[in-house]
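Here's a quick tour for anyone meeting this structure for the first time. Have a look at the sequence and the model, then read on.

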Amino acid sequence: MALTLYVDTARWRAHHKHVQEQFPGLVPVCKGNGYGFGHERLAEEATRLGSDVLAVGTTYEAARIKDWFGGDLLVLTPYRRGEEPVPLPDRVIRSVSSIDGVYGLVGARVVIEVMSSMKRHGITEQELPQLHAAIENVRLEGFAIHLPLDRTDGSDAVEEVIGWMDRLRAARLPLHTMFVSHLKAEDLARLQQQFPQTRFRARIGTRLWLGDHDSTEYRGAVLDVTRVSKGDRFGYRQQKAASDGFLVVVAGGTSHGVGLEAPKALHGVMPRAKGVARAGLATVNRNLSPFVWGGKQRWFAEPPHMQVSILFVPSDAPEPKVGEELVAHLRHTTTQFDRIVDR
């Protein structure tokens with residue numbers, strides 16, 4: 001009995017090809033938990049796409065994935081002096097976001113990140129004159145710019161990239177390759193048309209692997225069902241059942257990521273109101289689970305356990321049977337499945 005990720009493989013791969021056609025020279029990203037699929041599986045899919053470069057989050061991920069992917073590996077986390085050395089092959093390319101970092105990577109293959117409106121990390125415009133000397137002792141694979149997802153000020157992502165292209169060109173720095181993130185296909189086409197001598201390579205993870213929501217589905221198997229009456233005590237904390245119904249034990253707990261959720265940015269009155277309502281219900285131990293039964297998301301009977309969750313299903317709903325599976329609305333990047341099934 002397991003928490004299973006079901007994949008409509010043909011549909012999923014058709015989406016990959018569609019994205020690849022929209023973004024020529026695409027660099028797939030495989031970081032974190034492999035977007036819910038695992039590093040080994042995504043390395044296999046990147047190979048199937050014919051990718052020559054696969055981007056990973058850290059040097060530790062590069063060390064794990066190097067035996068599953070035969071092309072170049074681009075580490076997205078910038079190099080910092082004093083970091084723990086990790087044995088890596090020459091086909092690994094390091095990102096760097098400081099002048100000091102460039103000097104610390106003598107002989108290495110590097111991509112230099114510039115400071116975008118994200119203001120996360122990157123070389124600033126004022127530092128560009130210092131790059132000439134710094135890049136003499138590295139193998140420069142190109143520059144990179146990581147853009148924000150939302151542009152609430154109405155600014156244009158393409159114009160931001162063009163601004164950096166102009167700065168790099170004015171500083172007489174090599175512009176043979178620019179790695180970009182969070183651009184639309186038409187944005188990339190505009191840039192390629194304006195700068196035909198530069199190869200623009202889009203680093204894409206979420207849109208590539210998770211862009212077709214209907215091609216994947218999580219399901220948790222029902223392990224036990226116990227009928228309870230109003231007032232019956234149950235669980236670790238011996239709470240009372242609020243009404244007649246069923247306690248349903250389903251595969252999927254905190255070790256899978258169930259009940260763990262990354263913070264969300266809320267925009268607008270309605271999403272904020274719903275957030276306040278959820279917080280209010282949580283104070284009285286009412287938490288909606290990600291599991292669906294009888295067409296509705298069901299409430300946790302108590303906080304999820306390590307490997308299972310206990311749900312309360314009211315008596316007016318169909319009684320789940322052991323061995324049946326409940327659809328679970330889970331976030332891929334925070335979920336660890338027991339098994340994956342291609343169908």
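Predicted model: local features only at pLDDT ≥ 70, side-chain atom pairs only at ≥ 80, totals over all residues.

Residues are numbered from 1 along each chain as its sequence is written, and side-chain values use heavy atoms, with hydrogens and water left out.

## Where the domains meet

If we call heavy atoms within 4.5 Å a contact, then 11 residues of domain 1 are in contact with 15 residues of domain 2. Between them, domain 1 and domain 2 bury about 1,100 Å², with 52% of it on carbon and sulfur atoms. Buried area here is the accessible area (1.4 Å probe) that two parts lose on being put together, summed over both.

How many salt bridges are there between domain 1 and domain 2? The count is one, a salt bridge being a side-chain nitrogen of Lys or Arg within 4 Å of a carboxyl oxygen of Asp or Glu. Asp214 forms a salt bridge with Arg11, and their closest N and O atoms are 3.8 Å apart. On the side of domain 1 that touches domain 2, β1 (3–7) and α1 (9–22) each supply at least two residues. Helices (H or I, at least four residues) and strands (E, at least two) are DSSP runs, numbered from the N terminus.

## Ser289, tucked into a strand

Ser289 belongs to strand β14 (residues 288–293). Is Ser289 buried or exposed? Ser289 is buried, because its relative accessible area is 1%; buried means under 20%, exposed over 50% and partly exposed in between (1.4 Å probe, protein chains only).

The side chain of Ser289 reaches the backbone nitrogen of Phe291 at 3.1 Å and the backbone oxygen of Arg298 at 2.6 Å. Neighbours within four places in sequence aside, Ser289 is in contact with residues including Trp299 and Leu311.

## Two positive phi values

His182 isn't a glycine, yet it has a positive phi of about 65°. You'll find His182 in the loop between β8 (177–181) and α7 (185–194). His182 counts as partly exposed because its relative accessible area is 36%.

Gln238, also a residue other than glycine, has a positive phi near 55°. Gln238 is in the loop between β11 (233–234) and β12 (239–240).

Notes
Polar contact = N/O pair within 3.5 Å; in protein donor to acceptor, adjacent residues only side chain to side chain.
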